[in-house]
Amino acid sequence: AGTRGGGVAAGGWPRSVLGWRVAASIAWSVLLLPLCTAVFISISSIDLFHPIQWISNSFNDWYTSYVIFCILLMSVVILIISIFSVEFYAVVPSIPCSRLALLGKIIHPWQVIHSVVHAIMGMLVAWCAAVMTKGKFQFLAVPCTASESLDGAVQHMCLNEYHLFLLLSGAFMGYNYSLLYLVNNMNYLPFPVIQQYKYLRFRRSLPLLVKRSCVESLYLVRNVCVAYYFFGYIPRAWISTTMDLNIDSKLHPLDTLTGLLDLSLLYHTWLCGIFLLITWHIAWLLFKIYATEAHPFPVQPTFAEETDQCLPKILNSNPPLLIKFLALQDLMLLSQYSPVRRQEVFSLSQPGGHPHNWTAISKECLNLLSDLTQKLIMQQEAAAANGRVNQPSTRELGRSLSSSEEMAFQTQRSNVVSRTHMPSLVKSSLLPLKALSTSDLGSSFGSPFSSPSSLNRKAGILDLNSPWNGSIQSPHVMRRGPKLWTSSSGGDLRFQSPHILLFWYNWNIVLTVQILGSFCSLTQVRNFLSKRVLIMYFFSKHPEASIQAVFSDAQMHIWALEGLSRLVAASFTEDRFGVVQTTLPAILNTLLTLQEVVDKHFKLPHASSKPPRISGSLMDTSYKTLRFALRASLKTAIYRITTTFGEHLNAVQVSAEHKKRLQQFLEFKE
Amino acid sequence: MCSLALFPPPPAPGDVTLYEFNNALVSGHIYEKLPLAVQDQLADLPVLTIPKETLKAHTRLEHSTKPAFIHHQETLWKRCLNAWRDVGMCGVLNEIANAEEADLQWMKTGSRWALALCHWVSSLHGSLFPHLSLCSEDMIAEFSQAVDWAGCSIRAFAWHPHTSKFAVALLDDSIRVYNTNSATVPILKHRLQRNVASMAWKPLCASILAVACQSCVLLWHLDPTSLSTRPSSGCAQVLAYPGHSPVTSLAWAPSGEMLLSASPVDTAMLVWDVSTENCVPLQWFGGGGVTYLAWSPDGSKVLAATPSAVFRVWEAQMWTCERWPTIKGRCQTGCWSPDGSRLLFTVLGESVIYSLSFSEYSGEMQGQVGGSKTASIVADLSETTFETLYGEERIGGEVHSIVWDPSGERLAALIRGNPETPESRTIIAVFRTRNSPVFELLPCGFLQGEPGAEPQLIAFHPCFKKGALLTVCWSTGKISHIPFYFVSAQFPCFSPSHSPVVALSSSSASVREQPLFSEL
């Protein structure tokens, strides 16, 4: 969670705006709570055979004191949940590049606190739900049914396992919510594609939210049942001993099949899950909507004390990222819709006549874009360097180079491995290592039934230094690893099976090696390889994820591009003092350089050229496709400038190479 | 009000309208040589004829590969699972109801009842919105901007907004892209590219073509420098959304970052962020769907016509809308003035053109469409009889589509003749227009094609320098270009490279007759 926001606590004017937004979103989610509760009470006591009685009963239930208490309690829960989303929000998603990073995120102290608090909150909501459902769920301790037969005088209290089941499922759902919050990057604030009023945005997302909550709750109930079936006896025994409650022997214990197949229990657990998820998701959705609402920043201060709040100042300072994002979004909007505010951007300062506003804005945008250019160039250079080191044969390279970063990772590791495993290695033995990594031997390694000649050849090489024959496989294993990764971007199951297959291949080879007279014991090799596979599993970088990580903050650059290009295009008719003209060569230069670099990036072998399909889910996954949006808006930005200025661009001073590029754009051939 | 009676009589039978010059439409024989100056400017525009006979008809109508395999009886359970995956709940019910297994009598009866209930509910829905009972091909034919979508060889036409390049969608579901600067004609074919209703090129982009198909929106990424004539289907991006088919209309934002798509079946129109394939549905119940979209050239407003007697004008910043009920029928077509301040539209069942003016757009009035209270009738195109040397001619009727040229000086309306009277024919009427300081509509003349050819689609060239250029697709499969030479009053060109043709016409352009429709 490297980009945690937490910008509300800090002082200053734009932060107070954020504070108000957060407060409003919490207020609305608390206000919507009684409505959700009323619906929950009605549905949980549904009785289709006596509809009138059902309706009148649920009307009466709404005003009872314990319902009001529950609503108050749940308002506190919503408040705490909202505080957590405020503390954890991020405008730049953090994308774990490997499984190890994901694991690290899960056991990060902050995330542990998040999970524990969410589990407790989930339990509280489940308690409220149980109390409001009434019936057999209402209390944890109930009088035993069997007590009368023993002795009528003392009422033994028994543990109500239904209540306990609801509480535990609430805790489970809370924990699950927290886990999904992390894995799905729910703390990421995606900015909307189109501007809409908050109410309309909320109304638009509501049906999907309800639908997803229902479906998700169904899965959760299944998982809770499975978990309770296996581990249910632990909390039951613990609670019953600590609270000195008996266990009712007449009733079926719930961790049996017959106990769990209670339809009313499953239905109410499901409803409780829906209730929990809907209230929490509403709070989350409202926070998202309020936080990403466009905020108009003044371009020029009307009073001296407002100087810190105006757009050029905010862009050039280093505010919390959310403020910066809002400022850039506002720049994009003003450049598109507001001629009056554009005029302010193009205006000159009163005494002195300097175009301070334009200079500040254009400078910041250009800085952002050239930073991105630098980042991409560095990444490409790293990729190219690795390509050269790992270039035994071009054929092999083309086949196996699926991600530059994996290659970087591999080379590093293969060096380490070979060094540690060949302490007394003669210089000449480097040769077979190299030879092995080339394609001819690699392919023979790949086939389980290799020809005897190649085996002999291998044996000959291996005989040179047999103690490290285990590590011989390592380049091969790693060389195959990334390829498997890319082919199985979908699910882990598919990822597993080729690895097993690969393991089998290696196994085969190891066998032959052993037959041919190595000293190494079989178990040693096996242990070593299995360790390798496990390490691979955790360490290997997902190529898609690492590309996503490079472009994770691309939304900023997209807005900078749009704002800048629209301002430049508008300056053709609106800029009376010619302030834009002075920066036009720099802008064109930056855009064209970036265009070149981005083009090159998309030509790298690992970069998929098509956005992946996104299913209609509640979670926003737009950060996964930001690089495509960046490429498209970059092209549009250049075309916007070239179509507006047309032949006049020939008078702008740019390098010959860029001039050629510009000509391409003028002829619509890019 | 401007009416057809004020028009000059149509050209003599056998003559073809060639160009407009000196404020008059010049018609002549098709083989007649055009004046040299005219010829020069049209030399690179391809005039094509794509007759229906040359197009290969569909070889197979079935979309799936099912008929190619031998029928094999599976268990009911498995069939139900397949039906669930392919069609959904209705498929499962159907499968159970038609099952041959004897032992599931109660399930069969139950599913039959459920199916009957489904049909009843959908017919109830259909009685509210009759267009929903049409099959998707009929629906496209009904709402397409082409006059005879089902029968003619050309189904859709789109000029590129910046260059001399156009795409033609044909009856055999292929699309050809013609470019004046290159001889290669890419032919686009895709498995999902069926029953193309509309096409649109992305603005501020070299060549991305959005195609409205029966089941989805296809986005072709064509490399402008490529010499390949058959781009692979890998160049096409598929934008599909459940419940959003058939797509009948598309509109790009003039700034090029958003695409709107509309389907008569879906009450929501979709705003696509094309590069990331994200879409935002803009739901508005009432009307029962969206049939036609037109984005104003300044990007501030969008016209969305529905299959019922109501249309909406969306404001494209905060995406709120104004609702406009019409009296008689649904809004058939509409077009915007270049500055986005005026909308002309026509209504099915009435042979008039309405005008709706909007207040001047500025970013300060967020979330307001700003339309005037009522629409005014600016042209009456009801049937009129012309006495010509060659006999009596009856012209007039409902307007099928209208287009406004990018400079706002010419308006072409495709008038569909009365289907009851055989002698009335489909014809294009051209108006001279002016939008500022007051709106004026003056008659210019009728356009006539070769004998037997009826106009099918019309579109203005987006960047013709010497006036306006109207491209007409005829029912014979011919695509011809008719230039109108004039000097634009709003954007006069002072460059010395002008041809003598324009210099001549400029002198006559100042002579204006009495305005026939004027706001004054």
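Reply: Start with a term: a patch is made of residues with over 30% relative accessible area and no salt bridge, and nonpolar side chains are joined within 5 Å. Keep in mind that this is a predicted model.

Me: OK, which residues form the nonpolar patch on the surface?
Reply: Val226(A), Tyr229(A), Phe230(A), Phe231(A), Tyr233(A), Ile234(A) and Leu257(A). Together they have about 740 Å² of accessible area.

Me: Which helix gives the largest share?
Reply: Helix 8 of chain A, with four residues. Helix 8 (198–231) and helix 9 (233–242) of chain A each supply at least two.

Me: And Phe231(A), buried or exposed?
Reply: Exposed, because its relative accessibility is 53% and the cut-off is over 50%. Phe231(A) sits in helix 8 of chain A.

Me: New topic. Where is Ser351(B)?
Reply: In chain B, in the loop between strand 22 (342–347) and strand 23 (352–357).

Me: Is Ser351(B) buried or exposed, then?
Reply: Buried, because its relative accessible area is 18% and buried means under 20%.

Me: What does Ser351(B) touch?
Reply: Leaving out residues up to four places away in sequence, Ser351(B) touches Ala379(B), Asp380(B), Leu381(B), Ser382(B), Gly397(B) and Glu398(B).

Me: Last one. At what angle do helix 26 and helix 27 of chain A pack?
Reply: About 145°, with their axes 10 Å apart. The crossing is left-handed.

Me: Which residues make that contact?
Reply: From helix 26 of chain A, they include Leu584(A), Ile587(A) and Phe602(A). From helix 27 of chain A, they include Arg627(A), Leu634(A) and Phe645(A).

Terms used:
Residues are numbered from 1 along each chain as its sequence is written. Chains are lettered from A and ligands numbered from 1 in the order in which they are written. This is a predicted model: local features need pLDDT of at least 70, side-chain atom pairs count only at pLDDT 80 or more; totals for chains, interfaces and linings use all residues. Side-chain values use heavy atoms; hydrogens and water are left out. Buried means under 20% relative accessible area, exposed over 50%, partly exposed in between (1.4 Å probe, protein chains only). Contact means heavy atoms within 4.5 Å. Patches are made of residues with over 30% relative accessible area and no salt bridge: like charges are joined within 9 Å, nonpolar side chains (Val, Leu, Ile, Met, Phe, Trp, Tyr) within 5 Å. Accessible areas come from the Shrake-Rupley method with a 1.4 Å probe; for residues, only the protein chains shown count as cover. A salt bridge is a side-chain nitrogen of Lys or Arg within 4 Å of a carboxyl oxygen of Asp or Glu. Axes are lines fitted to C-alpha atoms, for helices over the stretch in contact, and angles run from 0 to 180 degrees between N-to-C directions. A crossing is left-handed if the near helix is turned anticlockwise from the far one by less than a right angle, and right-handed if clockwise.
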